[in-house]
Amino acid sequence: MTTSPRSPIVSRRALLTGLTAGTAGLLTGCDSLARNERFRKALFSAENMHKWLQRPLQDRDALAPEYRADQRSPFFRPNGTANPNTESYKALWRGKFADWRLMVDGLVARPLSLSLAQLHTMPQRIQTTRHDCVEGWSAIGTWRGVPLKLVLDAAGLSSRARYLVFHCMDDMGGGNGYYESIDMVDAFHPQTILAHALNEQPLEVRNGAPLRLRVERHLGYKHAKFLSRIEAVDDLSRIRGGKGGYWEDIAGYEWYAGI
Ligand SMILES: Nc1nc2c(c(=O)[nH]1)N[C@H]1C(S)=C(S)[C@@H](COP(=O)(O)O)O[C@H]1N2
Ligand SMILES: [Mo]
């Protein structure tokens, strides 16, 4: 049996091809496929491979634990940028973010420019979850915001879109903001929301005002704060450093930060 030189793992196709070739020569007399030990072994390993392929996808739909309000951290500490402090951000803040807009563009049928007021009129989800930062601290808070799925449906996400890129308003140097990206499994996860409130209060600047991503099955750095734009793309390699996020580009953080 030959295996594909391209893959270190035996592909399912190669396994099935090998199975046909291997059993054909073995069949004699009253031997039936079902009683053939090699056939059975190969059949079961093909079935197991199918399960391995499905399993990670199924687990990724599982919900992150949710907590009671009395389990909340007294203070949700900020991390990374605590205030973008750029002239344009300060002007938006002074105007209570009335002039702020969230752009939704890229591979969508209907690009959107959403105001905070418009986001407030959409259905909301409230969730009390634990935020885990790679730097070794956690905090529990209650987030309120619009399920990302509803915004994507409104924009008419193209079937060619494979990732969403979240562009932020803090300047990390050279005019480039923080950015992050997620795939469509996380984009459509029920706990993935665009949050504008923390613990029943409008988001403080330090926690990402006026809008931040909550993607609860991931570590803290995926939760982009100070959002200005969501771009649907089919490939991350052409975006900024090509690794899908600010820390991924400069410090080798894992793009997939699932917890
Ligand atoms: N725009 C932006 N988003 C960001 C960051 C940042 O520096 N800028 N830091 C990330 C990291 S490492 C963490 S742990 C969380 C912190 O969220 P918090 O400030 O509300 O605690 O935001 C994430 N999102
Ligand atoms: Mo973090």
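Which residue forms a salt bridge with lysine 222? Before we get there, a word on what you are looking at: this is a predicted model, in which local features need pLDDT of at least 70, side-chain atom pairs count only at pLDDT 80 or more, and totals for chains, interfaces and linings use all residues. Residues are numbered from 1 along each chain as its sequence is written, chains are lettered from A and ligands numbered from 1 in the order in which they are written, and side-chain values use heavy atoms, with hydrogens and water left out.

The partner of lysine 222 is glutamate 248, and the closest N and O atoms of the pair are 3.3 Å apart. A salt bridge here is a side-chain nitrogen of Lys or Arg within 4 Å of a carboxyl oxygen of Asp or Glu. Lysine 222 sits in the loop between strand 9 (212–215) and strand 10 (227–233), while glutamate 248 belongs to helix 7 (residues 246–251), so their pairing ties together parts that are 26 residues apart in sequence. Helices (H or I, at least four residues) and strands (E, at least two) are DSSP runs, numbered from the N terminus. Across the whole structure, the search finds 15 salt bridges.

Now let us turn to ligand 1. Around it are 21 residues, of which Arg77, Asn79, Thr81, Asp170 and Lys225 come nearest; a residue is near a molecule if one of its heavy atoms lies within 4 Å of it. The shell divides into nine nonpolar, seven polar and five charged residues, where Ala, Val, Leu, Ile, Met, Phe, Trp, Tyr, Cys and Pro count as nonpolar, Asp, Glu, Lys and Arg as charged, and the others, Gly among them, as polar. Strand 3 (125–133) and strand 5 (163–171) each supply at least two residues of this shell.

Polar contacts (pairs of N or O atoms within 3.5 Å) also link the ligand to the protein. The side chain of lysine 225 places an N or O atom 2.5 Å from an oxygen atom of ligand 1, and a polar backbone atom of arginine 77 is 2.6 Å from an oxygen atom of the ligand.

Finally, have a look at the backbone. The peptide bond from alanine 209 to proline 210 is cis, with omega near 0°, and proline 210 lies in the loop between strand 8 (201–202) and strand 9.

Technical notes. A polar contact is a pair of N or O atoms within 3.5 Å; within protein, one must be able to donate a hydrogen and the other to accept it, and residues adjacent in sequence count only if both atoms are side-chain atoms.
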